[in-house]
Amino acid sequence: MRHKPSGTSPINGHLLRLSILALCGVLAACQRPTQMLPPAPIFDMGAPQPPQPERSQAVLRPSLRDDATTADFDRFAQISRIYFERNSASLTDEARRTLDAQAEWLREHPDVRASLQGHADALGTREHQLALGERRAAAMKFHLAARGIEAERLTITSFGKQRPAALGLDEASQKSNRRGETVLIGAPGVSGH
Amino acid sequence: MKRLDRRSILACLALIGTPAAAQGPLHVDITQGVASPLPIAIPEVSSGPLAGVPDVGDMGVALSHIVRDDLLSAGLYRLVAVEGRLAADQEVVLAPFMRAGAQALVIGRAQAAEDGRLAYECLLYDVFGGKVEASQRILVSTAQWRRAAHKCADMVFSFTTGDPGHFDTRLLYVAEDGQPPDQGTHLVATDYDGANATSLTRGLQLVAMPAFAPDIRRIVFMSYQDAQPKLVVADLDSGQATTLNTPDGVPFAPRFSPDGRSVVFALTRGGDSDIYAIELASGSVRQLTNEAGADTSPSYSPDGTSIVFESDRSGEQQLYVMAANGSGQRRISFGAGAYGSPSWSPRDDMIAYTHIESGRLRIGVMKPDGSGRRIITNGAHDEDPSWALSGRAIAFQRTTAGGSRPSLWITDLTGKAQHQVRTQGSASDPAWSGKRP
């Protein structure tokens, strides 16, 4: 009992009941049956949500220009993702060029917002890579803001190593995981995303 | 039967009288993590099939196999094989077991009990002393028949080591759906040996970093909704899920405090990650660290007074310990490589961590003052350690080179007794529960 992690302070009736049950576990003479557990509930993390188009083809509100599509964005900025060095959130020259092009496009489409999403490789701890991904997204936001994109149009988030682009532990696979993605999320004031 | 009952109650009282450990012949000394295994016989005791539990065959035999699997997985016992199968009503004769070299003998007798339940009488004999050292009459619903064996193994483990057994426990893990880059995840809860797996979440969203509350009824995890991560506390009994109101930023790495009243977590914003605690009843949030760099992965000491965490404030990830209010931060990990994902043992004598060196991740343990460091796993990519409530085993995630999906493993503290937990599909980021009610 000396390593029992909880139950020493009865914070509510339930805990107290638990400790009594635990005591019964020790006192075989109690002969209390094991509690019949109801089936575990399912937490539907996806619902309720409006039906959404595939993220890669997000339908945007009619823009100032009618080419405000992810495809157009990708064409213009060459690519919607940038890559980082290992365990680094510094923008490479190539990443800066890509972000400059993204900034230009975003300036042309002032009603489009973007989610800047940092990812990391599998070669660090889960928690460290989560923090690293956010650091990368923050670096992207800083660069875009310096190129005149309003900060409120840019949200940052991190997936760490939890949504890899490639699974292999080889360097080529992991290189592709050290990335920052710019995901267009429509215009301000528009619900649905 | 009547004599047997009285004897089991007496033995049970004896067990209560000396709760800590057997100092006699059945004591397993594991002070240094290295034990000479206790020779133990766990014969099959036939009971016939049990109504309401199809596909199991002879219930008594099935239970004895689970007791064996449980105890052998701990790395502290050596199974002594003895020919033949006992009948449930057969008198136990110790001589054959003594001749085979068994010091301990576990006899489990299964029978149907009232209300369609299963009664399992579990007895631990000191073979040379010729007496019953511990016994329990375990009652479970037939649906949870496997728990009878786990509880029996817990009794044996607890008597022989002085630590609570970790066999009647649950694991949480993260299972992957789909293929990169559109990979989602869902949470699965399972018995510690992989049986009775149930999915707790669904949807193509991403969930991550689950942890049990000390009461096991509640869990906390990270959930991405529209790319924005939130911390969710879910009650497995009521099905109620509550999103924690955390400050702006990306919250992650949540863990309950040992009293279950608050959740400590990391929050990263604008490239800086710090550690916070939120009191669940009031919702009040307190910032515990304020250094530049990534402070992440907090884990409470079992008495709740200290927190170990990971920080790269020195340039590389290292482990730090601080008081629960954030004061007195000091680095405890030194030596080659980087250290992360710390987890404080329920026994309070060790901290498990992920060690990173030359692109390789392995599980290690050290004392809370940083001394006695040692690496206990040897995979290409072993991470996310989570303690058993006994403090004698660690669950972790293993990924082999070559792009395979991650799987769950359990190791003892020597690293000699390691086995894979059977899961359906991939499994990562395990969280091991405390004692089940």
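Okay, let's start in chain B: S5(B) and S6(B) run antiparallel, and nine bridges join them. Keep in mind that everything here comes from a predicted model. These two strands form a hairpin with four residues between them. Have a look at the turn, where B:Asp115 has a positive phi of about 60°. As one example of the pairing, B:Ala104 has B:Asp126 as its bridge partner in S6(B).

Now, what else does S5(B) pair with? Strand S1, residues 38–41 of chain B, runs parallel to strand S5, residues 104–112, and two bridges join them. In those bridges, B:Ile40 is partnered with B:Ala104, and B:Ala41 with B:Leu105.

In chain B, five strands make an open sheet with mixed pairing, and the order is S3-S1-S5-S6-S7. At the edges you find strand S3 (77–79) and strand S7 (131–141) of chain B, and each has a single partner strand, so one side of each has no neighbour in the sheet. From one strand to the next, the twist averages 25°.

Is S5(B) mostly enclosed or mostly open? Seven of its nine residues are buried, so S5(B) is largely enclosed by the rest of the structure.

And which helices go with this sheet? Helix H2 of chain B, residues 59–73, lies across S1, S3, S5 and strand S6 (117–126), running at about 140° to S5(B). Helix H4 of chain B, residues 145–161, also packs on the sheet, and there it touches S1, S5, S6 and S7 of chain B. The direction of H4(B) makes about 155° with that of S7(B).

How do the two helices meet? The axes of H2(B) and H4(B) come within 8 Å and cross at roughly 45°, which makes H2(B) oblique to H4(B). The crossing is right-handed. If you want to find the contact on screen, residues on the H2(B) side include B:Leu63, B:Ile66 and B:Val67, and on the H4(B) side they include B:Trp145, B:Ala149 and B:Phe157.

Most residues other than glycine have a negative phi. But B:Met209 has a phi near 50°, a positive value. B:Met209 is in strand S12, residues 206–212 of chain B, and it counts as buried because 26 C-beta neighbours lie inside 10 Å. Then there's B:Asp384, with a positive phi of about 55° although it isn't a glycine. That residue is in strand S28, residues 381–387 of chain B. Buried or exposed? B:Asp384 has 29 C-beta neighbours inside 10 Å, so it counts as buried.

A quick stop in chain A. A:Ile79 is in the loop between helix H2 (70–76) and strand S2 (81–83) of that chain. A:Ile79 counts as partly exposed, because it has 15 C-beta neighbours inside 10 Å. A:Ile79 and A:Thr98 are 19 residues apart in sequence, and their C-alpha atoms are 7.0 Å apart in space.

Last thing, how confident is the prediction? Chain B averages a pLDDT of 91, and 92% of its residues score at least 70. The stretch to be careful with is residues 1–21 of chain B, where pLDDT stays under 50. For that stretch the model has 24 contacts beyond four places in sequence. For the model as a whole, ipTM is 0.90 and pTM is 0.85.

Key. Residues are numbered from 1 along each chain as its sequence is written. Chains are lettered from A and ligands numbered from 1 in the order in which they are written. This is a predicted model: local features need pLDDT of at least 70, side-chain atom pairs count only at pLDDT 80 or more; totals for chains, interfaces and linings use all residues. pLDDT is the predictor's confidence in each residue, from 0 to 100. Two residues are in contact if their C-beta atoms, placed from the backbone, lie within 7 Å. A residue is buried if 20 or more other C-beta atoms lie within 10 Å of its own, exposed if 12 or fewer, and partly exposed in between; C-beta atoms are placed from the backbone. Two strands pair if DSSP finds at least two bridges between them. Axes are lines fitted to C-alpha atoms, for helices over the stretch in contact, and angles run from 0 to 180 degrees between N-to-C directions. Angles under 35 degrees count as roughly parallel, over 145 as roughly antiparallel, 65 to 115 as roughly perpendicular and the rest as oblique. A crossing is left-handed if the near helix is turned anticlockwise from the far one by less than a right angle, and right-handed if clockwise.
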